[in-house]
Amino acid sequence: MSYALELRDVRKNFGKTEIIRGVNLAVNAGERVAVIGPNGAGKSTLFNLISGRFGPTSGDILLAGQAIQNKTPYEINRMGLSRSFQITNIFPKLSVFENLRCAVLWSLGYKYSFWKSLSNLKDANERTDELLDMIHLDKKRDVLAVNLTYAEQRALEIGVTIAGGADVILLDEPTAGMSKSETSRFIQLIKDVTVGKTLLTVEHDMGVVFGLADKIAVVVYGEVIAFDTPESVRANAKVQEAYLGSPVADNQVGGH
Amino acid sequence: MEFFIISMLNGLSYGLLLFMLSSGLTLIFSMMGVLNFAHASFYMVGAYFGYTLSQWVGFWPALVIAPLLVGACGALFERLTLRKVHPFGHVPELLVTFGLSYVVLELVQLVWGRTAVEFLPPEILRSSAFTLINHSVNGLSVVWGAAPAEMCSAADAAIRVVCSPFPATRGFMMLVALLMLVSLWLLLTRTRIGLVIQAALTHPEMVESLGHNVPRVFMLVFGAGTGLAGLAGVIGGSTFVTEPAMAATVGSVIFVVVVVGGMGSLSGAFLASVLIGVIQTFAVAIDYSFLTLAKDMGWALSAATQENSFAKLTLSQVAPILPYLFLVLILIFRPKGLLGTREG
Amino acid sequence: MAAIYKFKPYNVGRWVIWSLFALVLLAAPLVFTSNLSVTMLAQMGIAIIACLSYNILLGQGGMLSFGHAVYTGLGSYMAIHALNAVSGGTLNIPVSLLPIVGGVAGMGFAILLGWVTTRKSGTPFAMITLGVAELVFAMSLMFSEFFGGEAGVSGNRVAGEAFFGITYGPQIQVYYLIAIYTFVCVALMYAFTQTPLGRILNAVRDNPERVEFIGYNTQRVRYMAFIIAGFFAGIAGGLGSLNFEIVTAEVVGAGRSGAYLLFTFLGGATFFFGPIIGAVLMIIAFVLLSELTKAWLLYLGLVFLFMVMYAPGGIASLIMMNLRVAKFGKLRQIWTSYLGLGLTAIVMLAGAGAMIEMVYHLQLNSALGDTVKFMGATLNAKSLDSWFGSAFVMLTGLGLFELARRQFARDWGVIQTDIEKEIKRRETAL
């Protein structure tokens, strides 16, 4: 049985600078993994490598056993991996409904068709309505994405990410910039929409991490120094030295 | 042999003129992300300013004043118009410069008329810089200045003498272009303002938060870029022809240069300018077509092939489209451009 | 939560608009009956198809092309060669279907050239379209069999079998052919905006990177849009061949491409009907305005500059903004400001226009004497009085306009805030 997502000795250099220095990771299907680490450790770079924004200098990335390193983002997406962005990356001049509908079109097989009318695509429209309800934006169906509040845009961002029905979801700091109450609601949203999916999420908020994740991967200086259940990671000496063990983190854990 | 040398020099001088223009364009593009569609219009304005000024104060003062005036106009345009459109994105910026090119063309025609004006180079530049004399007996020799008539013809019918002059204006063009290139490089790498510009090339917000007046730097760079175009205009206008159509003829070529060289790369623009300049100059002078080639090689062609309009085309007829063919080829085989780094 | 009962109300509004459009197309030559009018109407139809096809690239796809005339022009050339073949008896297609030949030609060239062109996006894309346009134009001077050299290629649209007695000799018959094509093409292009490809094209315009992450190859999307735009451009070109019966190299020239860009943008690239307005303005400008004043290109350039700076959405966006204000019942509050704005603008422009006309007169028409007629008054281009008078009028107008503009900006701001509040109120009331 292959892993849902596997990284084998992945390295990435930008010029002479080594950013990712040999990452090994194996995620089982249905697991929820939080990727944590200090700033500059290479977490976003890892996500970019996995989702195809750029290719690794060496190493293999496998999605359900198939190699995806150096494939284009759309090829990887069609194989069942979808990601969100830390800086909201939606379609500003389209309405919320249109944003979501665009995201479902490929997975339903409509591809580049220009002989069908959008309003007649029953399955696409129904799925989009479903998604609207899931992310609680049904009241803002026809509002242009650029006119939403920040939290609503983040919710739309997640909606666009899961719309295609990908099995592996990568969320890059989904709760960035949110208040405490918004974050709690958002965690629940993430849990609801990723039922049965494999989830990797980069997070800084320890409360989110310990509340959401089955496993935690700790990335420091381009390497994964620990990949285990939350309790084991908490107790891991290397991790404590590198990342946890500060009063701020303890407070955050207590807060959620 | 002398044909090769003279053509090479002519091609280099044309290429350097193209570089004077495309360097300003590249600088503005790298700095502000704006591709100045009206860059060739500033070139034209420089030529016309140079023409009028040289009639009032002489060529040499005009050579200095005209580019400054053009640069001032450019800076004014940036301040009044471009800055306003900047927050809308790159497409509106391009459109605004596109509109400007229309307006400038009309204004130039309004003030100076629709026909060419006689913008003559100064006395000292009107003859040749040097002349290559190919004497069938004595071989190749160089004479500074124009060769007197006796040297160019031989009394003896068996001796063939060919005199190839190299115009002084062309030589002057190369000189100015090289000087400009060197000073630009020195400015960017050795002065403080150059450092600020280099930084603002990639991180304008950071530079602004460090206390530098980035909008003012933008205005300066735009003014400098257009001033360079104006300088090229004074030289180009006096060497070639000064007419309303000059903006259009050179305009599209410099955009090709910028894309072929790689958008945002000064060295790429240099390489592409020289390449295109040399290739086009050679092509225009060569009257070979596929048919003449076949004749020389002794190939027998069918009557249909001999009538084919493709085969009859001489290289000199094809010369105008060579830059654009080059563009298409580069895009197929090396879309980043010759030395490009930015994806544009 | 699928709805069990699907209630799709009959979209009356849509049927009304399209019927009105068809009615206007049918009745226009009956209202504007002069020869000049019918000629202009015919050209407007062609321009509408051309500008709408251009907007598939610009407004819907965010692709700024400086070389759209290549595809309309090459469509024209193919169509006129086909017409000559029909006249010569070697081709048996009804003349009515020749524009489709143009469309196929436009599509074919778009397939060929578009592959290279759409490899890049944004500014490099614009530069490539410019280069390709120059390439084609330069080639038109080289290959005279296809392009007809200096004289171009001419044809006779009265060719082949008459279709129910319609020979296409008279202009009015050509107009109705154009009107039918216009209606069909506009409908098809509108339908395109409501298809998956059309919507993804909009997404590519808004955020090309994100589109890759939802499973689409951005370059492929652009390429297909380019081909579709090329098809409709070719149809416009084919209709042009039939209308003018002659095709010269300027149909692929930079001037024509520039005109498409200018007027599509002027009409409004962000709304579907914007280019229609732009196309109508284009024909009016080229046919009427150029007769009225020699300075028309200058005016055009200046208007374009102001549009880009102050109303980048074009005339269509101005209309829609005011419709929105009207929908909330606030138009009454602003019409006095509009009046002030309009009157002072007229005064200012009159003064400026007088001066520009005098300059043009001095430059171009001085052989005809010193006086030039402007808005009913006779100005003496050489007299200081006229100059001082115009300058005074312009400066006064400028000052008053600035005052009116500030008042307008205040009023507009108040109205917009009121509208925002109203929207919020309606949202929360749901």
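This is a predicted model: local features need pLDDT of at least 70, side-chain atom pairs count only at pLDDT 80 or more; totals for chains, interfaces and linings use all residues.
Chain A comprises ten helices and ten strands. Its C-alpha atoms occupy a box of roughly 60 × 40 × 35 Å along the principal axes. Of the 256 residues in chain A, 43% are buried. Among the contacts in chain A with a separation of 6 or more, 66% link residues 24 or more positions apart.

Six strands of chain A form an open sheet with mixed pairing, in the order 6-7-8-3-9-10. Asp172(A) has Val202(A), in strand 8 of chain A, as its bridge partner. In general, the strands of a sheet pair through backbone hydrogen bonds, in either a parallel or an antiparallel manner. Helix 1 (residues 43–51) of chain A lies across strand 3 (32–36), strand 6, strand 7, strand 8 and strand 9 (215–220) of chain A, and runs at about 145 degrees to strand 7 of chain A.

In chain B, helix 10 (residues 246–261) contains 16 residues, which at 1.5 Å a residue should span 22 Å; the end C-alpha atoms of this helix are 22 Å apart, in agreement with that expectation. Helix 10 of chain B is mostly covered, with 14 of its 16 residues buried. Gly262(B) follows this helix and has a positive phi, near 105 degrees.

Two pairs of chains are in contact, and of these chains B and C share the most contacts. Chain A and chain B, by contrast, do not touch, their nearest C-alpha atoms being 13 Å apart. The contact between chain A and chain C involves 32 residues from chain A and 28 residues from chain C. On the side of chain A that touches chain C, the elements giving two or more residues are helix 2 (73–78), helix 3 (96–105) and helix 4 (122–134) of chain A. By class, this side of chain A consists of 15 nonpolar, nine polar and eight charged residues.

Conventions:
Residues are numbered from 1 along each chain as its sequence is written. Chains are lettered from A and ligands numbered from 1 in the order in which they are written. Two residues are in contact if their C-beta atoms, placed from the backbone, lie within 7 Å. Helices (H or I, at least four residues) and strands (E, at least two) are DSSP runs, numbered from the N terminus. Ala, Val, Leu, Ile, Met, Phe, Trp, Tyr, Cys and Pro count as nonpolar, Asp, Glu, Lys and Arg as charged, and the others, Gly among them, as polar. The expected span of a helix is 1.5 Å times one less than its number of residues. A residue is buried if 20 or more other C-beta atoms lie within 10 Å of its own, exposed if 12 or fewer, and partly exposed in between; C-beta atoms are placed from the backbone. Two strands pair if DSSP finds at least two bridges between them. Axes are lines fitted to C-alpha atoms, for helices over the stretch in contact, and angles run from 0 to 180 degrees between N-to-C directions.
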